[in-house]
Amino acid sequence: MMFSQALSPEQVVQKNLDYYNARNIDGFMSLFSEDIVFVNFADGQLTLSGLAVCRKMYQELFDLSPELHSTIVQRIVFDNKVIDHEYITGRRGSKEPVELVLIYEVRNDLIYRVSVMRK
């Protein structure tokens, strides 16, 4: 009998990033929990909630961003949290890069909360 090995929070987030860079919506979404929430770090405001809403937003982003790519500038792993400073290019066809800090929270091999920090 085979038992699947649990992934570390960092492995979950890295797989999610790899799917993001491949614009693979099914793989990308497979690493989010049913109750996924995205919040604005600055004010705690909920920006996305639930798998269906998240899938719709990212499918549109992937469709409009053939050159989409995120590079990790720096990563910190702290318990079940992975904090990535990301440098994103090709977002919605834009030549302007976007820099974000994302705090991913992982439980049971799934991302359940992402806090987004903008400059």
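## Elements along the chain

Helices here are DSSP runs of H or I with at least four residues, strands are runs of E with at least two, and both are numbered from the N terminus. With that in hand, let's walk along this predicted model. Starting at the N terminus, the order of elements in the protein chain is α-α-β-β-α-β-β-β-β.

## Overall shape

The radius of gyration of the protein chain is 14 Å, close to the 14 Å from the globule rule for 119 residues, so the chain is as compact as a globular protein of that length. If you box in the C-alpha atoms along the principal axes, you get roughly 50 × 30 × 25 Å.

How much of the chain is buried? Buried residues come to 36% of the 119. Looking at contacts with a separation of 6 or more, 44% are between residues 24 or more positions apart.

## A hairpin to look for

Now find strand E3, residues 69-78, and strand E4, residues 81-89: they pair in the antiparallel sense over nine bridges. Within this pair, Ser 70 sits opposite Ile 88 of E4.

What do E3 and E4 form together? They make a hairpin, with two residues between the strands. Check out Asp 79 in the turn, which has a positive phi of about 55 degrees.

Definitions and conventions:
Residues are numbered from 1 along each chain as its sequence is written. This is a predicted model: local features need pLDDT of at least 70, side-chain atom pairs count only at pLDDT 80 or more; totals for chains, interfaces and linings use all residues. Side-chain values use heavy atoms; hydrogens and water are left out. Two strands pair if DSSP finds at least two bridges between them. The radius of gyration is taken over C-alpha atoms; the globule rule is 2.2 Å times the number of residues to the power 0.38. Buried means under 20% relative accessible area, exposed over 50%, partly exposed in between (1.4 Å probe, protein chains only). Contact means heavy atoms within 4.5 Å.
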